Structures are given as C-alpha cells and as structure tokens.
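Here is a quick walk through a two-chain model, starting with one chain and then turning to what it touches. Keep the structure open as you read.

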Amino acid sequence: MISENEIEHLAELARIEVSPEQKKKLARDLEEILAHVKELSEVTTNSVEPMTGSSAQLTTSGTQNRNGFRDDELKHSDFKTEKSTEAFPEKEGGFLKIPPVFE
Amino acid sequence: MNLDSLTISSFSKSLRKKEFSAREATDAFLRAIKDKDEKFGAYLTVFEHEAIKEAEIADEAIASGDAGALTGVPLAIKDSIVIEGARATAASKILKTYKASYDATVIKKLKGARAVFLGKTNLDEFAMGSSTENSGFQITKNPHDLERVPGGSSGGSAAAVSGGLALAALGSDTGGSIRQPAAFCGVVGLKPTYGAVSRFGLMAMASSLDQIGPITKTVEDAAILFNAIRGKDEYDATSVDAEYDENLLNPDFDGVKKLTIGIPKEYFVEGMDAEVKKEIEKAIQKLKDGGFKIKEISLPHTKYALSTYYIVMPAEVSANMARYDGIRFGVAHRKRYGGIPEVKKDAETLRDLYFKTRGEGFGEEVKRRILLGTFVLSAGYYDAYYAKAQKVRKLITEDFKKAFNPQSGGVDVILSPATPTQAFKIGEKTSDPMQMYLSDVFTVTQNLVGVPALSLPVKQYKVGGGELPIGFQLVGRHFREADILGIGKWYEQN
C-alpha cells in the first residue's frame with residue numbers, strides 16, 4: 001500500500017513540491033503501477049546475474065563496452081564558459097547565484 | 001514541387017538536376033508549416049531565418065559540386081536534442097526559456113552534411129509518454145485523423161513527416177518513442193542499436209535505454225539518415241565503433257532473402273486489436289510469398305518486459321531529472337523570470353528554490369516517474385523492485401541471444417507488431433497511466449535488450465485517405481541494422 005505519507009516522503013527525497021490533490025492522485029497511480037510490476041516476483045531469478053551498468057561481464061545493454069577511458073592529457077576546446085553561464089537563471093560576475101543554503 | 005511525394009533520395013536527385021534549389025524547397029516547407037501546423041501542432045519552434053541561411057549555403061555547395069545525400073534536406077528535430085543558440089525545451093515548462101549552448105553530436109554531423117533545420121518538434125515532456133499529450137505547451141494531432149494522437153513521445157517529429165511539414169526528422173526512442181509514433185502516423189522509424197548513435201546533446205531520460213534515430217517516409221531514407229548520424233563519439237562513452245558495410249545503404253536483395261525471419265508467438269496472444277492482427281498477418285504472408293523463410297520462435301520472458309521497463313526506466317529517470325534544479329539552466333522560481341505561474345515572492349532558501357522550481361516546472365507524468373523511480377531505488381524496496389527487474393532484464397536478453405543464435409538454428413530477424421492498436425483518441429488514456437503504458441508493450445523489449453528495431457507501415461498510407469495506419473516491426477541482431485533495413489526496403493518496394 002502506498003500512503004499519502006509515503007508520497008510525501010518520496011517527494012521530499014526528490015525535492016518536488018506536490019499539492020494535497022496531487023498527493024492523492026500520485027498515491028493511487030503508484031499503487032496501480034506497482035501492483036502491475038509486482039508480477040516480476042513470479043520469475044525465478046535465483047542464479048541470475050543482474051544486468052547493471054557496473055556488471056563486469058556485460059554493460060547495460062550488451063554493447064560489450066568496458067570503461068571508456070581516454071588519455072589524461074590537456075585538450076583544446078573552443079567552448080567559451082560564457083555560453084554556459086548565459087543559461088544560469090541568476091549569476092554574478094560569471095558565478096552562479098543561489099539563495100542561502102542554510103535556513 | 002510536390003512536397004508530399006518527395007523523399008530524401010528523390011530530393012537529392014532533383015537538386016542535382018536543378019529542378020529546384022534548396023532555398024526554394026526550404027521556402028516551400030516553411031510555407032507548408034505556416035499553412036498547416038496550426039492544425040497539427042507538430043512544431044514548438046520554427047527557424048524561419050536560420051533555415052533559409054542554411055539552404056543558401058547548401059545551394060552554394062551544390063553549385064560548387066560539393067553535395068552529399070543530405071545537402072539541403074529540410075529536417076525537423078525533436079526538441080530534446082540541442083542545437084547551439086536555439087531554444088530547447090523538451091516540451092517542459094522548466095526549460096521554457098532555455099537556449100542550448102552547444103550542438104548535439106548528431107546535429108554537428110548533420111550540419112557537416114549541410115542539412116537544413118526547419119525547427120524543433122513537440123514531444124511528451126522530456127520524452128515521457130506515448131501520445132505527445134504530456135507536452136507542457138501543446139497537443140500534437142495525428143495528420144491522418146485530427147481527433148487522434150500521433151503517438152509519442154516523438155509525436156511532433158512523426159506528425160511533421162507524415163503531414164508533409166518536413167522531409168525527414170530525428171526522434172529519440174527509450175521504449176518505443178520513435179517506432180510507436182511512426183506506426184501511428186504511417187511513416188518509418190528506426191531505433192538503432194544501443195551504442196550506434198551518440199546521445200551527446202540529447203536530454204537524457206533513461207540512459208541505459210535512450211537512442212536517437214530517424215523518422216522518415218521510406219526505409220531507404222531511414223538508412224541514409226541513420227548512416228549520417230551513427231558512429232563512435234568521444235562525448236558519449238556508450239557509443240561504439242561498429243562496422244557497417246555498403247549493404248546498409250544498398251541492400252542486395254538476393255542476400256537479404258537468405259535471412260530467416262522469426263515470429264515470436266508471445267507477441268500474438270493478448271491485447272492485440274483484431275484489425276492490427278489481420279494486417280500484420282498479411283504482411284507476414286507477403287514476405288512468405290516473396291521467398292523469405294518464416295519460422296515461429298519463442299521469447300518466453302516477453303510477458304515481463306513491460307513491468308521490467310517500468311521499473312528500470314523510472315529509476316534512471318529519477319537520477320537524470322535531478323539536474324533540473326532551478327540553478328544551472330531553465331526557469332527558476334524567482335521573480336525576474338515570471339516563473340511558472342507568475343512568481344509573487346522569490347524562493348527564500350535553496351531548499352525552497354528546488355521544491356518550488358521542480359514542483360511547478362515538471363508536469364504530472366514526470367513527477368510520477370521521478371517518484372516511482374525514487375521508490376524502486378529506496379532502501380527496503382531496491383531488491384524487490386530494481387534488482388529484480390535487472391535480473392529479469394538479463395533473462396529477456398538471454399531470450400534474444402538464444403533466438404538469434406545461429407548454432408541452435410536461430411533466426412536473423414524477428415518480426416512483430418509495432419503497437420497493439422491503431423492511434424487512439426486524444427484524451428482516451430490520459431487519466432489512467434497504466435493504460436497509456438500498455439501502448440508500449442511491443443516496443444520496450446528492444447530497448448531493454450539494446451537491439452535495433454525498424455517500424456514500418458504495412459502498406460502506404462496517404463494523409464486524407466481516411467485510413468488509420470498500422471505498422472510492424474523488424475528487430476535485428478546488435479549492429480545489424482543492414483538486415484532489418486534490407487528486408488524493410490524489399491517490403492516497401494514489392
């Protein structure tokens with residue numbers, strides 16, 4: 001059972017404000033989705049190695065890629081920092097500006 | 001110039017024969033967008049000035065004899081793929097004001113080929129959805145029936161190509177987002193092999209599943225566009241240096257006919273619409289009559305793919321969406337932005353800024369998936385949901401390995417329906433997320449496994465012809481796009 005309290009906890013972890021009506025709807029929706037995906041418990045997976053990005057045998061989607069290292073050398077780039085800082089909602093002197101961290 | 005009958009390949013020939021210029025073609029498409037897009041709602045942004053400039057550069061290239069397959073070709077780009085200096089919203093209010101600071105690798109490649117970008121197309125917010133109704137800005141309609149959805153999430157791209165508002169388009173596919181809208185709109189869509197195309201510059205949704213791919217009018221066009229955007233890229237560590245031979249662009253039909261096509265029985269059991277089933281069976285018969293070997297196969301874990309997907313995908317979504325924090329780009333909950341809706345009082349603390357910006361900026365489906373992903377990854381539930389799903393994902397992958405294994409009499413290509421139904425009505429599934437998710441039941445599997453998949457219409461559909469398109473899907477081995485494109489091209493020409 002997914003309670004509205006549980007939704008509130010998840011929203012807290014994910015840093016999303018949700019209204020009381022949204023909370024109700026989200027609890028119902030998650031309940032329904034989780035009831036459906038619960039069917040995976042019928043599958044026997046005792047000796048199955050999970051397919052994760054960190055699996056040594058195989059990367060996530062089977063491309064056989066291993067760690068994509070490159071040489072640790074300085075590379076020239078034409079990218080101008082200003083292009084990124086332009087996108088900051090608030091900035092000052094090329095720095096990000098944010099409200100106080102501590103309340 | 002008849003825009004509807006143009007394909008990338010016929011367009012290039014006409015350009016070279018000077019039947020029209022790239023500038024004239026671009027003008028014609030921009031006019032078509034002006035005339036018709038009010039009806040379809042395919043575009044979020046149209047590049048009137050830039051497109052004309054690009055077309056003029058293409059014309060200069062053609063005049064100096066330096067033209068390639070995509071020179072001057074007017075394309076539409078899904079709005080989750082970035083173009084330097086252009087607005088890129090991913091149809092989310094949280095990025096309402098965002099302008100991209102760089103080109104995606106696929107864009108860089110297409111610019112190098114001197115393609116023309118007509119504009120950015122609508123999608124379900126951050127590519128989360130199956131109908132393009134989840135856009136933060138507008139609803140796109142299916143050109144074949146304006147009361148129906150174009151599918152999603154690349155619904156704007158599919159509608160633009162189908163409605164004659166672009167010669168071809170780019171979309172992205174995490175669980176069917178290229179193939180399902182292509183099927184609904186009667187056009188061709190290719191999800192390449194995981195790793196075949198760089199995702200640098202594609203706003204990430206679920207990184208172990210996302211791929212960029214073409215949406216086109218013909219299979220031949222899909223091959224041309226795929227060939228132009230594929231390749232290893234130092235900015236996407238998952239991209240692979242795969243080898244493709246000339247069969248990718250020019251399939252040899254005698255060779256293609258030696259391929260065996262498997263029909264997985266698990267795809268023909270429940271939930272499929274009778275009309276869709278009938279048409280898919282006709283398509284299989286046509287291939288049989290054409291001399292292809294057809295064989296029934298089994299992919300026993302098929303039934304569990306959708307559930308696996310709806311655990312793995314939201315888990316990755318919840319991580320990827322963390323970057324939209326109101327600090328680095330897009331809209332923040334601060335007065336000077338106007339906010340969403342208008343902000344009366346600035347967020348006073350950092351915590352407040354996160355909660356308010358994300359609470360207002362994200363739509364309902366995005367929130368649902370972030371919370372679902374947060375849930376399946378949280379302590380106490382991780383093993384039962386996420387770890388379990390990754391194990392079942394492994395079993396699903398093993399099914400494909402076995403089916404494709406030549407040592408045990410395996411097949412070369414797998415054929416299945418692309419969607420369980422034809423395009424549904426606008427509003428029909430918006431209140432029940434599980435119903436909406438079920439429309440991806442045939443397409444999520446290929447993303448979990450990473451194999452390439454091509455969706456193509458069972459026959460040619462004309463906008464205004466009064467028919468609702470039906471598509472089928474050809475699935476190949478990893479990096480064997482040539483096989484599915486080869487069969488697809490044979491099917492289309494016969």
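## Chain A at a glance

This is a predicted model. Chain A carries three helices and two strands, and reading from the N terminus the order is α-α-α-β-β.

As for burial, 20% of the 103 residues in chain A count as buried. Take the contacts within chain A between residues at least 6 apart in sequence: 17% of them link residues at least 24 apart.

## Helix 1 against helix 2

Two packed helices are described by the angle between their axes and the distance between the axes. In chain A, helix 1 (residues 4-14) and helix 2 have axes that come within 9 Å and cross at roughly 100 degrees. Since 65 to 115 degrees is the range for roughly perpendicular, that is how helix 1 of chain A sits relative to helix 2 of chain A.

Which residues make the contact? From helix 1 of chain A come A:Glu4, A:Ile7 and A:Glu8, and they meet A:Lys23, A:Lys24, A:Leu26 and A:Ala27 of helix 2 of chain A. Sorted by class, the residues of this contact are three nonpolar, four charged and no polar.

## Where chain A meets chain B

Across the two chains, 47 residues of chain A are in contact with 60 residues of chain B. On the chain A side, the elements giving two or more residues are helix 1, helix 2 and helix 3 (81-85). Helix 2 of chain A provides the largest share, with seven residues. By class, the side of chain A that touches chain B splits into 25 nonpolar, 11 polar and 11 charged residues.

Why does A:Val37 count as buried? Because A:Val37 has 23 C-beta neighbours inside 10 Å, and the cut-off for buried is 20 or more. Setting aside neighbours within four places in sequence, A:Val37 is in contact with B:Ser307, B:Tyr310 and B:Ile311.

## The largest nonpolar core

Now for the core. The largest nonpolar core has 171 residues, and those with the most contacts inside it are B:Leu75, B:Val116, B:Leu118, B:Ala166, B:Ala168, B:Ala169 and B:Leu371. Helix 10 (residues 305-320) of chain B gives the most to this core, with nine residues.

B:Leu75 shows what such a spot looks like. Leaving out neighbours within four places in sequence, the residues in contact with B:Leu75 include B:Leu110, B:Ala115, B:Val116, B:Phe117 and B:Leu118. Also among them are B:Ala166, B:Leu167, B:Ala168, B:Ala169 and B:Leu170.

Conventions. Residues are numbered from 1 along each chain as its sequence is written. Chains are lettered from A and ligands numbered from 1 in the order in which they are written. This is a predicted model: local features need pLDDT of at least 70, side-chain atom pairs count only at pLDDT 80 or more; totals for chains, interfaces and linings use all residues. Helices (H or I, at least four residues) and strands (E, at least two) are DSSP runs, numbered from the N terminus. A residue is buried if 20 or more other C-beta atoms lie within 10 Å of its own, exposed if 12 or fewer, and partly exposed in between; C-beta atoms are placed from the backbone. Two residues are in contact if their C-beta atoms, placed from the backbone, lie within 7 Å. A nonpolar core is a set of buried Ala, Val, Leu, Ile, Met, Phe, Trp, Tyr and Cys residues joined through C-beta atoms within 7 Å. Axes are lines fitted to C-alpha atoms, for helices over the stretch in contact, and angles run from 0 to 180 degrees between N-to-C directions. Angles under 35 degrees count as roughly parallel, over 145 as roughly antiparallel, 65 to 115 as roughly perpendicular and the rest as oblique. Ala, Val, Leu, Ile, Met, Phe, Trp, Tyr, Cys and Pro count as nonpolar, Asp, Glu, Lys and Arg as charged, and the others, Gly among them, as polar.
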